[in-house]
Amino acid sequence: MTYFAPYMPIFTVFEQLLYFMDRMEAQLMQHAENEPRVYDYIIMGCGISALTAAKHLLDKNSVLILESYRVPGGNHQSYLIEGMEFDIGAICFNTTDEQFKHFPELLGSCIPKAVEVKKICTNGSLGQYPFDWHTEASSLSLVERIFCLVSLLSCRFRKDRQDDARSYAQSRIGDFLYQRVGLDLYIKRLFGVDAADIDYDFALKRMQWLSRETSLRFRIARFIRRQRKKIPPWGETVVRPPGGFGCYYEKARCRLRDEGVEFVFDEKALKIETTAGITAVTTANRTHLAKKLISTIPLDEASGLCGLPETNLPTVTLVSLFVALRGSWLPGCSILYNFHKFGNWKRITVHSDFYPGPGSYDKHCTVEITVPPGMMAPAPAEAFADVEAHLRAMKIIEGELVLIGSSGLRNAYPIPEKGFKARRDRAIARLASKDVICLGRQGKFEYIPHSNVAAKETITTLEKALEPAQLPQQREPAGVELRTELPPLPVAT
């Protein structure tokens, strides 16, 4: 079953030009050499983890990036439908993010934007994400507030062993408030399983925002900053420029290409074999050779290509509905999360706030729905009907809501269920025995919330995996603006 609508990702002409340029370059390289080239590294995938890895290695190594998509960016994908831009993946970055240190030209193209984020609370009201203590507490009676305080103190000082995400959350806000704010419902929408089945170490590492929001020191510091209107130390929010993620990441590709990295797009690996210290990656067109392989593709897929046992590690399928509205979007925010007890969706991103359409609709947005393993994804029309019914019941929209298209992304992110680490580590160790280094959210089976963390963990993993002699000295960015050979294509305004 396919979930892709009968339209092409944003700027098909751009993709076709990039595709044929790489084909011509590959043919010239093939004719120029009698023997196939052996690279120091082949990197599978072309998302931010792969691009960062190439930047880190290129000074003293020959690098080839092999990507099954036609444009760079990995699972950061964009679609252009009826003049409206839609994205898959997070659209917001921060000016202090790690990837901008390696690719300053990306930051130079981004647009500063104040992004308001809200959520639908369990009582149906709108509140600030992830917590809105005033809104949440306003619906509590005096007896409930006393019970909430008792529950919080009881969980904070409880000595029971915390072994899952639910017990971690309860230790921060208490059992009563944990259920009242809908955190249990959101975690289930995010991963498709109950919080009691999510690994505790994962919660401790990836739910630090919960500790931050429940910290009195942090809340006082934030209040002072707001009073002084001071920019927080973690920078400002920016979004990608108009034109889609393909054009955005093309700037990074051009920098790497000019510094010696080679790229092959639209080639999917069929088999990986290692013989006498040389790894061969076979595609439908040819075989690429390298001394070492870096994989950012799904861990289970990489294991299968190497002829290794299946990992049996569960992942989430992400279904994205592209919808347009003739009428009013009543929340007034750009991103809306669902903490309510009803509704099959987890997040709505209003792309028209960043990339206005041609005017035939007032708003256009992407609605995300997660599908856990073992379950069939709903038909787009069926999923849309559920979303529309819930939004109208919550009085979120007024007017006509139209389904423009849809997309399905398998292996969107891992499900960190209890006991997953031992299976994941065994799979990574088996790949390491075949000179394969695993990176990124999919490659390491690691829930990485945004590209800043992906870039940081890429550097950390490489430094641990490689011998000191293999690691190049990092060069300062040249600071010059790079230009692509392809002229910018018109975008909807």
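**Strand β15 and onwards**

Modeller: Let's start with strand β15 (residues 335-338): Ile335 and Tyr337 point one way from the strand, Leu336 and Asn338 point the other way, and all are buried. Buried means under 20% relative accessible area, exposed is over 50% and partly exposed is in between, with a 1.4 Å probe and protein chains only. Strands (E, at least two residues) and helices (H or I, at least four) are DSSP runs, numbered from the N terminus.

Biologist: Before we go on, what am I looking at?

Modeller: This is a predicted model, where local features need pLDDT of at least 70 and side-chain atom pairs count only at pLDDT 80 or more, while totals for chains, interfaces and linings use all residues. Residues are numbered from 1 along each chain as its sequence is written, and side-chain values use heavy atoms, with hydrogens and water left out.

Biologist: OK. Which way do β7 and β15 pair, parallel or antiparallel?

Modeller: Strand β7 (residues 117-120) and β15 pair in the parallel sense, over four bridges. Two strands pair if DSSP finds at least two bridges between them. Lys118 has Leu336 as its bridge partner in β15.

Biologist: And how many bridges join β15 to β16?

Modeller: Three bridges, and β15 and strand β16 (residues 347-350) run antiparallel. Leu336 turns up here too, with Ile348 as its bridge partner in β16.

Biologist: Switching to rings. How many aromatic pairs does the structure hold?

Modeller: The structure holds 20 aromatic pairs. The rings of Phe86 and Phe322 have centres 5.0 Å apart and planes at 35 degrees, so that pair is tilted. For the cut-offs, rings of Phe, Tyr and Trp (its six-membered ring) pair if their centres lie within 6.5 Å; planes under 30 degrees apart count as stacked, over 60 as edge-to-face and the rest as tilted.

Biologist: Why does the pair of Phe86 and Phe322 tie together parts that are apart in sequence?

Modeller: Phe86 lies in strand β4 (residues 84-88) and Phe322 in strand β14 (residues 315-329), so the pair ties together parts that are 236 residues apart in sequence. Phe86 and Phe322 are both buried.

Biologist: And Phe93 with Phe100, stacked or edge-to-face?

Modeller: The centres of the Phe93 and Phe100 rings are 6.1 Å apart and their planes are at 75 degrees, so the pair is edge-to-face. Phe93 is buried at 5% relative accessible area, and Phe100 is buried at 6%. Ring pairs link Phe93 and Phe100 with Phe245, Tyr248 and Tyr249 into a cluster.

Biologist: Where does the charged end of Lys119 sit?

Modeller: Over the ring of Phe339, with the charged end of Lys119 4.4 Å from the ring centre. Arg253 does something like that with Phe263, its charged end sitting over the ring 5.5 Å from the centre. The test is NZ of Lys or CZ of Arg within 6 Å of the ring centre and within 35 degrees of the ring normal.

Biologist: Now the inside. Which residues have the most contacts inside the largest nonpolar core?

Modeller: Ile173, Leu183, Phe191, Met207 and Leu210, in a core of 43 residues. The largest share of this core, seven residues, comes from α7. A nonpolar core here is a set of buried Ala, Val, Leu, Ile, Met, Phe, Trp, Tyr and Cys residues joined through side-chain atoms within 4.5 Å.

Biologist: What does Phe191 touch?

Modeller: Leaving out residues up to four places away in sequence, Phe191 touches several residues, including Ile198, Phe202, Val316, Tyr413 and Tyr447. Contact means heavy atoms within 4.5 Å.

Biologist: Last one: how many helices and strands does the protein come to?

Modeller: The secondary structure comes to 17 helices and 19 strands. Of the 493 residues in the protein, 53% are buried. Among contacts between residues at least 6 apart in sequence, 74% join residues at least 24 apart.
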